[in-house]
Amino acid sequence: MSYLKFDKTMLINLEESLLREALRTNRKGAYHCTTIVDCNTRKYHGVLVMPVPKIDDDNHVLLSSLDETVIQHGAEFNLGIHKYGGNNFSPNGHKYIREYTMDVVPRTVYRVGGVVLAKEKVFSRTDNQILIKYTLLDAHSATTLRFRPFLAFRSVKALTHKNDYADLSYQEVPNGIRMCLYEGYPDLYMQFNKKPEFVYEPYWYNGIEYPKEQERGYEYKEDLLVPGYFELPICKHESIVFCASDIRRHGLARLPQQFEEEVKERTPRSSFVNCLKNSVHQLAYRPNNGTNVYLLAGYPWFKVRARDMFVAMPGATLCIGEDQLYRQLMQTAIPALQTFMRDGMPDKVIREINEPDVLLWAVWCIQQFRFKKGLDETRALYGETVNEIVAYITAQRHPNLKVADNGLLYCNGRERPATWMNSMSNGRPVVPRSGYIVEHNALWYNALCFAKELNGDTPTSENLDKLIRMLDTSFPSTFVNEHNYLFDYVDGTERDWSVRPNMVIALACACSPLSRTQKKRALDIVTKELLTPNGLRSLSPKSNGYRPNCSGSQHERDLAYHQGAAWPWLIGMYLTTYIDLFRRGGVSFAERMLISLEEEISQHCIGAISEVFDGNPPFAARGAFSFLMSIAAVLQVIDKIMTYDEQ
C-alpha cells in the first residue's frame with residue numbers, strides 16, 4: 001500500500017488535482033516541478049528548470065513540458081494537458097490517468113483502451129538532467145509513442161511569447177536532438193535510450209495560462225515553441241527512457257540502468273518522517289559540485305538565506321541523524337560569518353548574513369549541536385566561533401545591534417525590516433519592529449548563558465555572568481506585561497501590545513530569564529489567540545490590523561504576510577515549549593497537533609510543507625510550496641517526541 005497515492009476519481013477532478021504539485025531537485029539548484037497531472041499552473045513549473053549563471057542568478061525554464069501521445073491502429077491519444085483562456089484545458093490527457101503514486105519517485109499510470117502505460121521520473125542528483133521512464137505494462141497490438149517537447153528558454157520570473165528571433169534550428173545528436181532558442185543559454189539535449197524518428201515541425205502554441213500567477217496578480221499567459229515530435233515503437237513490458245539535459249549524453253543504452261541507480265539513492269516516502277527527510281534532501285545545495293554546502297530556503301523561488309539556514313539546520317540534519325551534513329554546513333557558514341564580522345563583507349551565496357538576529361540564531365544553532373553531541377565536542381568545534389560572536393556584539397561592532405546600559409540589545413527597524421517579519425510596502429516595513437525586540441533579546445540571553453557554559457570557570461565567564469545577571473532583571477521588567485504575555489518590542493515609551501508569536505521564541509530558548517509560571521501564562525495566551533492546525537498566526541485576531549488571508553496581489557500579500565497569516569516553522573518553537581513545560585502531557589498534545597500537518601503533505605507540494613497558511617479556515621496554503629524552516633521545525637518536534645518515547 002502506497003503512503004502517497006492518488007486515484008482516478010481525484011486525478012480527473014482538476015479542481016483537486018491542479019492544487020497538488022510534485023518537486024524533484026538536484027544539488028545544483030536545478031529542478032523539475034509540475035502538478036500531479038502534468039499540467040503546469042505556475043511560470044516556475046517545468047520539466048527541466050536550472051540555473052544559467054552566464055545570464056543571472058535565477059533559475060530558467062528550458063523544457064516546459066513534454067506531451068506524450070499513444071498511437072494504436074492509427075488512432076492518437078494525447079496524454080498531455082495545458083490550460084488556455086476561458087478555463088479550457090487541452091488536450092485533456094488527465095482523463096486517461098488511473099493512479100499517481102510517489103513511493104520513491106513520481107509514478108503515473110495511464111490506461112488507453114487496452115494500453116496500460118507507466119511513467120516514472122527521476123532527477124539526477126549531480127547533473128542538470130531529468131530521466132523519464134515509460135514502461136508499457138500491457139498492450140494487445142502494436143504501439144507507438146510520440147513526444148512533443150514544449151520549449152521556453154526563459155527566466156522563471158518572466159514569460160515568453162511568439163517571436164521572430166528564436167533560433168528554430170536543431171542539430172541531430174545520438175538518439176535525439178539539441179536546440180538553443182536564444183543566445184546565452186546552454187544547449188538543451190533531448191535524447192532516448194534507443195533511436196527515435198524526429199519530425200521537424202516547428203509551431204508556436206499560443207495563450208497557455210498559469211492560474212497560480214493569475215491569482216498572484218502577475219502576467220500569466222505565454223506562448224511556447226514545439227519544434228516537432230519524436231516517435232518510436234514500444235513493445236509490451238519494454239521501458240523507454242527519455243533524457244533532457246544541458247550536456248550531451250553518451251552510453252545512452254545505460255539510461256535505464258542509470259535510472260534505477262538514481263532511484264536507489266532516494267529516501268522512500270513511506271511515512272511522514274521519510275517524506276520530510278526527502279524534502280530536506282531536495283533543499284540541499286552544492287553549487288557547481290564544489291566543497292561548500294548550503295540549504296536553500298525553499299522552492300520555487302528562494303535562495304540561500306542566513307537566518308533560515310541557521311534556524312532550520314538542527315532539524316534538517318541532527319534530528320534525522322545526519323551529523324556530518326551539519327558539520328559540512330557549518331564549515332561553509334562559519335567563514336562567511338567571520339568575513340562579515342571581521343571585514344563587514346556580505347557573502348555571495350548566503351544572503352542576508354548582516355541581518356541583526358543572524359549571529360544570535362547561529363549561536364542557537366550551535367547550542368542544538370551541544371544538546372545532541374555533548375559539551376566537549378561542541379567546545380572543540382565551535383567554542384571559538386561562539387566567543388567571537390558574543391565579543392563582536394558586546395564590543396558594539398554590529399551596525400544595527402547595540403548593547404544598552406541595561407544589557408538588552410537595541411535594534412533600529414523603522415526604515416527597513418530588522419527581523420524575520422520582513423515584508424515591505426511602499427518602501428517601508430509593514431511591521432516596523434524596532435528598539436528592544438523580544439526574540440532578539442531572548443536569543444541574546446540564551447547566547448550569553450551558552451557561551452558561559454562553553455567557557456567554564458574562566459575570566460570570560462565572569463564577564464558574561466555580569467551581563468546575564470543584568471538581563472535576569474531587565475528582560476522580565478521590559479517585556480512581561482500585566483496581561484501575562486510579552487510585548488513584541490519596546491522602543492522608549494512605545495510598547496507594542498500586539499499579541500504576536502515572537503514571544504514563543506523566548507519561551508523555547510533553553511536558557512531563559514523567565515520563570516516557569518511566566519512561561520506557562522504566556523504560552524496560554526499563544527494557545528488561545530495564535531494557534532491554528534498548521535502553525536502560529538503572526539498576529540492575534542484580537543489585535544488591530546489582523547489580515548488572515550495571504551492572497552491577492554503582491555501588495556495585498558505583503559500586508560497579510562505577518563499580520564495574521566499562520567507560519568508552520570513557529571509551531572516547532574511552540575511545541576518544543578509545550579513539551580518542556582508539560583512533559584508527557586505535552587508529548588500527547590504535540591502528537592495530535594502533527595496530525596493536521598501530516599495531512600498537508602498530500603494536499604499541496606507532495607511530501608513537503610508550505611511556507612505559510614491563511615490564519616482563518618480553511619487555512620489555505622500560501623507562499624513557497626516547499627519551505628525549509630517549516631519542514632525542519634516539524635522534524636525537530638518529531639525528534640523531541642521520539643526522545644521522550646525512548647525514555
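This is a predicted model: local features need pLDDT of at least 70, side-chain atom pairs count only at pLDDT 80 or more; totals for chains, interfaces and linings use all residues.

Residues are numbered from 1 along each chain as its sequence is written, and side-chain values use heavy atoms, leaving out hydrogens and water.

**Exercise 1.** Describe how helix α7 and helix α8 are arranged.

Step 1: The axes of α7 (residues 323–343) and α8 (residues 358–373) come within 12 Å and cross at roughly 150 degrees.
Step 2: The two helices are therefore roughly antiparallel (angles over 145 degrees count as such).
Step 3: Now look at the contact (heavy atoms within 4.5 Å): among its residues are Tyr 326 and Phe 340 of α7 and Ile 366 and Phe 369 of α8.
Step 4: By class, this contact has 11 nonpolar, no polar and 3 charged residues.

**Exercise 2.** Is His 562 buried or exposed?

Step 1: Find His 562 in the loop between α14 (554–561) and β32 (566–567).
Step 2: Its relative accessibility is 0%, so His 562 counts as buried (under 20% relative accessible area, with exposed being over 50%, using a 1.4 Å probe and protein chains only).
Step 3: Leaving aside neighbours within four places in sequence, its contacts include Trp 420, Arg 500 and Trp 567.

**Exercise 3.** Work out where the buried residues of α4 lie.

Step 1: In α4 (residues 255–264), the buried residues are Leu 255, Gln 258, Phe 259, Glu 262 and Val 263.
Step 2: Seen down the helix axis, these residues fall within an arc of 140 degrees, so they line one face of α4.
Step 3: They pack against β11, β12, β16 and β19.

Conventions. Axes are lines fitted to C-alpha atoms, for helices over the stretch in contact, and angles run from 0 to 180 degrees between N-to-C directions. Helices (H or I, at least four residues) and strands (E, at least two) are DSSP runs, numbered from the N terminus. Angles under 35 degrees count as roughly parallel, over 145 as roughly antiparallel, 65 to 115 as roughly perpendicular and the rest as oblique. Ala, Val, Leu, Ile, Met, Phe, Trp, Tyr, Cys and Pro count as nonpolar, Asp, Glu, Lys and Arg as charged, and the others, Gly among them, as polar. The arc is that of the directions from the helix axis to the C-beta atoms.
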